Amino acid sequence: MSDSIVAVPLDKAYRLLNHGPTVLVSARYDGVDNVMAAAWCCALDFSPPKLTLVLDKIAKTRELIEKSERFVIQIPTVALAEMTYQLGSESLYQYADKLQRAGVELLAMEGEDLPFVSGCSAWLSCRLIPEPHNQQTHDLFIAEVTAAWADSRVFKQGHWQFDQADPALRSLHYVAGGHFYAIGHEVIVNDNAASID
């Protein structure tokens with residue numbers, strides 16, 4: 001594990017998702033690891049921290065999550081844009097070597113038996129809160145965040161620091177057809193005045 005990866009207090013974990021990034025979802029069950037890209041993931045609650053995630057029924061990762069009831073949400077960076085797109089475009093059902101094809105490097109976090117994707121800017125370890133009706137009818141999954149970490153080069157003192165970090169560490173925001181935006185400049189609102197740094 002990199003020295004720049006630091007634990008994030010759970011009461012600040014929602015901030016890792018609040019800016020609406022594309023995420024990578026990883027899961028493990030019975031010796032099978034998989035990672036997929038997802039655009040619809042959202043912070044849901046503060047205490048305990050919870051999130052929502054939409055997973056189509058055709059996704060192998062969904063099957064792994066339903067069986068293990070555990071998964072990881074991670075925030076890929078600009079440096080991982082091609083890998084992120086490939087992970088969202090290929091299925092483990094089609095390619096048994098999907099992770100190798102995409103160049104995924106997995107890392108371990110102490111106390112966790114889950115696959116974490118190296119090179120991301122944040123990681124949230126999650127426990128599924130089973131809601132069969134929502135999962136089957138709406139493809140909507142709800143989970144509690146049980147642990148969180150971030151890359152201290154871009155997330156410090158409970159806040160993203162994108163403007164001060166290497167642009168390769170900015171988060172990705174998916175539009176369509178292989179088109180992403182990287183997060184832009186911060187806008188600070190103080191005393192009824194807004195400014196863009």
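Predicted model: local features only at pLDDT ≥ 70, side-chain atom pairs only at ≥ 80, totals over all residues.
**Aromatic rings**

I looked at Phe116 and Trp149 first. Their ring centres are 5.4 Å apart, with 90 degrees between the planes, an edge-to-face pair. Phe116 sits in strand S8 and Trp149 in strand S10, 33 residues apart, so this pair links distant parts of the chain. I then checked burial. Phe116 has a relative accessible area of 0%, so I noted Phe116 as buried. Trp149 comes to 10%, under the 20% cut-off, so Trp149 is buried too.

Next I took Phe155 and Trp160. Their planes meet at 75 degrees and their centres are 5.1 Å apart, so I wrote down edge-to-face. Both residues are buried.

**Salt bridges**

I counted 14 salt bridges in the whole structure. Asp33 pairs with Arg28, with 2.6 Å between the closest N and O atoms. Arg28 is partly exposed at 25%.

Glu66 and Arg62 form a salt bridge at 3.3 Å, N to O. They are four residues apart in helix H1, about one helical turn. Glu66 is partly exposed at 30%, whereas Arg62 is buried at 3%. I traced shared partners and found one network of Lys57, Arg62, Glu66 and Asp139.

**Arg101**

What does Arg101 form a salt bridge with? I found Glu90, at 2.9 Å between the closest N and O atoms. Arg101 lies in helix H3 and Glu90 in the loop between H2 and H3, so the bridge ties together parts 11 residues apart in sequence. Glu90 is buried at 16%, and Arg101 is partly exposed at 38%. Arg101 also lies over the face of Tyr95, 3.9 Å from the ring centre.

Key
Residues numbered from 1 in each chain as written. Heavy atoms only, no water. Phe/Tyr/Trp six-rings, centres within 6.5 Å; stacked < 30°, edge-to-face > 60°. Helix = DSSP H or I, 4+ residues; strand = E, 2+ residues; numbered from the N terminus. Buried < 20%, exposed > 50% of the residue type's maximum accessible area, 1.4 Å probe, protein only. Lys NZ or Arg CZ within 6 Å of the ring centre and 35° of its normal. Salt bridge = Lys/Arg side-chain N within 4 Å of Asp/Glu carboxyl O.
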